[in-house]
Amino acid sequence: VFALNFAKNANDNKLILVEGYMDVIALHQAGFTNAIACLGTAFTNEQANLLSRYADEILICYDNDGAGRTATARALEVLGRTGLKLRVVQMRGGKDADEIIRVHGKERFADLLKEAANKTEYKLLEERKKFDIDTDDGKLRFLTSAAQILAGCGSIEQDIYATRLANELGVGVE
């Protein structure tokens, strides 16, 4: 894990996980000294267990492309076994952390960190992108997929997100 030797002492129990060393370097230069990289998109159980020794929370900031989304899903799966709090940063405004900082500045990246979605929110956001929820068919298909996601959650979490989706989409919670 690239830069863990630096990040473990500056992390406030949080680590920012990015794909490559250039992202880590850019983040460290911008003051985000808790950034680390797994150097690619392959994330292992051993890396997850190592990170769990140094943090309570991981913010996943993989690239804003198909490979990055696939890697995010894999990292959520692997890291989910550790009991760590997981959040996913939506890389809006750039391909990766390095580009966002260069183009929009470190303040924008800090805002993205604050807006990071938890595992369930991220899955629902990704699923929503697949459907046109302005149509009845798209709304029905999205809600069917969302119900499958929520089926894997605890009852309180199900209640929170089912209520939120019902209010947003104008359907009954049931």
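Helices (H or I, at least four residues) and strands (E, at least two) are taken here as DSSP runs, numbered from the N terminus. The model is a predicted one, in which local features need pLDDT of at least 70 and side-chain atom pairs count only at pLDDT 80 or more, while totals for chains, interfaces and linings use all residues. Residues are numbered from 1 along each chain as its sequence is written, and side-chain values use heavy atoms, with hydrogens and water left out.

The largest pocket draws at least two lining residues from each of helix 8 (136–151) and helix 9 (155–169). A pocket is an open set of points on a 1 Å grid over the protein atoms alone, where a 1.4 Å probe fits, with protein on both sides within 12 Å along at least five of seven lines; lining residues have an atom within 4 Å of a point. Helix 8 gives the most to this lining, with 5 residues. Of the 13 lining residues, Leu143, Ala147, Ala162, Val173 and Glu174 are the closest to the centre of the largest pocket.

Elsewhere, Asp63 lies in the loop between strand 3 (57–60) and helix 4 (66–80). Is Asp63 buried or exposed? Asp63 is buried, because its relative accessible area is 10%; buried means under 20%, exposed over 50% and partly exposed in between, with a 1.4 Å probe and protein chains only. Leaving aside neighbours within four places in sequence, Asp63 is in contact (heavy atoms within 4.5 Å) with Glu19, Asp23, Gly68, Arg69, Lys95 and Asp96.
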